[in-house]
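The sequence and the structure are shown first.

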Amino acid sequence: MATAKETEVSEDSEAEFSRLAAVVSKDPRVDPPEVARGKGFGTKGLKVARKMFAFHSKGRLVLKLCADRVHALVSDGKGEHFDPGHGHLMKEWVAFGYAERRLWPKLVKEALEFAAGRAPRSATPRKRGR
């Protein structure tokens, strides 16, 4: 059972992710909510071309980045390999605790760039005004 402090941190973390998601969702490469409704890893999150690149889980921000970047962030002690719950660490997914929340905006943008770079050209909307 979670302590009151753990529950508070989890709620603060979720609110922080919601604020961040609202900002990032304005990028035209991010799927609009009506397209991104499907779940991945049992949760809703941010997607590009219907592929998840960021979500919130158990008080942590979870991002998809290249395996080398994930390894570097874990080695630096800034994040940890993401385990979706079955004991299998995901090599391209990294989780950041609430204590690292100051890094979240920069890291989410990095994950968006990674996801957008891997998306098929026809699947990513063109920027408005072109």
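Helices (H or I, at least four residues) and strands (E, at least two) are DSSP runs, numbered from the N terminus. Read along the sequence, the protein chain follows the pattern α-β-β-β-α-β-β-α, with three helices and five strands. The model is predicted, with local features requiring pLDDT of at least 70 and side-chain atom pairs counting only at pLDDT 80 or more, while totals for chains, interfaces and linings use all residues. Residues are numbered from 1 along each chain as its sequence is written, and side-chain values use heavy atoms, with hydrogens and water left out.

**Sheet**

Two strands pair if DSSP finds at least two bridges between them. The five strands form an open sheet in the order β1-β2-β3-β5-β4, with antiparallel pairing. Strands β1 (45–48) and β4 stand at the edges with a single partner strand each, so one side of each lacks a neighbour in the sheet. On average, neighbouring strands of this sheet are turned by 30° against each other, direction ignored; axes are lines fitted to C-alpha atoms, for helices over the stretch in contact, and angles run from 0 to 180 degrees between N-to-C directions.

| Strand | Partner | Bridges | Residue pair |
|---|---|---|---|
| β1 | β2 (residues 51–57) | four | Gly 45 and Phe 55 |
| β3 (residues 60–64) | β5 | four | Leu 63 and Val 94 |
| β4 (residues 80–82) | β5 | three | Glu 80 and Ala 95 |

A residue is buried under 20% relative accessible area, exposed over 50% and partly exposed in between (1.4 Å probe, protein chains only). Of the 130 residues of the protein chain, 39% count as buried. In strand β5 (residues 90–96), six of the seven residues are buried.

**Helices across the sheet**

Contact means heavy atoms within 4.5 Å. Helix α2 (residues 67–75) lies across β4 and β5, at about 40° to β5. Helix α3 (residues 104–118) lies across β1, β2, β3 and β5, at about 30° to β3. The expected span of a helix is 1.5 Å times one less than its number of residues. For the 15 residues of α3 this gives 21 Å, which agrees with the 21 Å between its end C-alpha atoms. Buried residues of α3 include Trp 104, Leu 107, Val 108 and Phe 114.

**Nonpolar cores**

A nonpolar core is a set of buried Ala, Val, Leu, Ile, Met, Phe, Trp, Tyr and Cys residues joined through side-chain atoms within 4.5 Å. The largest has 25 residues, and those with the most contacts inside it are Val 24, Leu 46, Phe 53, Leu 63, Phe 96 and Val 108. Two or more residues come from each of α1 (4–24), β1, β2, β3, α2, β5 and α3. Helix α3 gives the most to this core, with six residues. Apart from it lies another core, of seven residues, among them Met 52, Phe 82, Met 90 and Ala 95.

Beyond its neighbours within four places in sequence, Phe 96 has contacts that include Leu 63, Leu 73, Trp 104 and Leu 107.

**Histidine 56**

His 56 is located in strand β2 and counts as buried, because its relative accessibility is 12%. A polar contact is a pair of N or O atoms within 3.5 Å; within protein, one must be able to donate a hydrogen and the other to accept it, and residues adjacent in sequence count only if both atoms are side-chain atoms. The side chains of His 56 and Ser 13 are joined by such a contact of 2.8 Å. The His 56 side chain also reaches the backbone nitrogen of Glu 14 at 3.3 Å.
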